[in-house]
Amino acid sequence: TMRGSTLILLRLRDAVAELGEGSGLQVHRSWWVARDAVADVERAAGKLTLVLRNELRVPVSKTYRDAAKAVGW
C-alpha cells in the first residue's frame with residue numbers, strides 16, 4: 001500500500017477465498033494466477049501451461065485443468 005508493506009502468513013486456499021471470484025484462478029496447489037497476467041496458453045502432451053506476460057511459465061495441475069479451461073485458458 002501507500003503506507004508500506006506487511007508480511008501476512010496464511011494458506012493459499014484462504015488467500016484465494018479472500019480475493020473472491022473473477023480476479024484470477026488457482027491453477028496448481030502452489031500457484032494462483034491473475035487473469036490479466038496470462039499472455040498465452042501452451043498445450044503439449046496433455047499438459048496445460050500458462051505463459052505469463054513476464055514470460056514465466058505456470059503449470060496447471062489436473063485438479064484445476066477444467067476450471068482453467070472454463071475461463072478460456
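Predicted model: local features only at pLDDT ≥ 70, side-chain atom pairs only at ≥ 80, totals over all residues.

Analyst: Which residue does Glu-42 form a salt bridge with? Its partner is Arg-57, and the closest N and O atoms of the two are 2.9 Å apart. That pair passes as a salt bridge because the cut-off is 4 Å. Now place the two residues. Arg-57 belongs to strand S5, residues 57-60, while Glu-42 belongs to strand S3, residues 38-44, so their bridge ties together parts that are 15 residues apart in sequence. Arg-57 is also partly exposed, at 47% relative accessibility.

How are these strands arranged? S3, S4 and S5 form an open sheet, in the order S3-S4-S5, with antiparallel pairing. S3 and S5 are the edge strands, and each of them pairs on one side only. From one strand to the next, the twist averages 25°. Strands of a sheet pair through backbone hydrogen bonds, and the pairing may be parallel or antiparallel. Side chains in a regular strand alternate between the two faces of the sheet.

Look at one pairing in detail. S3 and strand S4, residues 47-52, run antiparallel and are joined by six bridges. Within this part, Val-38 stands opposite Leu-52 of S4. A helix covers part of the sheet too. Helix H2, residues 62-70, packs on the sheet and touches S4 and S5. The direction of H2 makes about 105° with that of S5.

Stay with S5 for a moment. Pro-59 is found in this strand. Is Pro-59 buried or partly exposed? At 34% relative accessibility, Pro-59 counts as partly exposed. Leaving out residues up to four places away in sequence, Pro-59 touches Val-27, His-28, Trp-31 and Leu-48. Take Val-27 from that list. Pro-59 and Val-27 are 32 residues apart along the chain, yet their C-alpha atoms are separated by 7.3 Å.

Strand S1, residues 24-28, and strand S2, residues 31-34, pair in the antiparallel sense over four bridges. S1 and S2 make a hairpin, with two residues between them. Gln-26 of S1 stands opposite Trp-32 in S2.

What does its side chain reach? One polar atom of the Gln-26 side chain lies 3.0 Å from the backbone oxygen of His-28. The side chains of Gln-26 and Tyr-64 are joined by a polar contact of 3.3 Å. Beyond four places in sequence, Gln-26 touches Leu-12, Val-16, Trp-31, Trp-32 and Tyr-64.

Now go to Gly-24, also in S1. Gly-24 is buried, with a relative accessible area of 11%. Not counting residues up to four places away, Gly-24 touches Trp-32, Val-33, Ala-34 and Arg-35. Its C-alpha atom is 9.8 Å from that of Val-38, a residue 14 positions away along the chain.

How many salt bridges does the count give? The count comes to two. One is the Arg-57 and Glu-42 pair where we began. Another joins the side chains of Arg-11 and Asp-14, at 3.1 Å from N to O. Arg-11 is partly exposed, with a relative accessible area of 49%. Asp-14 is partly exposed as well, at 28%.

Step back to see where the sheet sits. The protein has two helices and five strands. They run α-β-β-β-β-β-α from the N terminus on. Of the 73 residues, 21% count as buried. Among contacts with a separation of 6 or more, 30% come from residues 24 or more positions apart. The C-alpha trace spans about 45 × 25 × 20 Å along its principal axes.

How values were computed: Residues numbered from 1 in each chain as written. Heavy atoms only, no water. Buried < 20%, exposed > 50% of the residue type's maximum accessible area, 1.4 Å probe, protein only. Pairing = 2+ DSSP bridges. Axes fitted to C-alpha atoms, helices over the stretch in contact; angles between N-to-C directions. Contact = heavy atoms within 4.5 Å. Polar contact = N/O pair within 3.5 Å; in protein donor to acceptor, adjacent residues only side chain to side chain.
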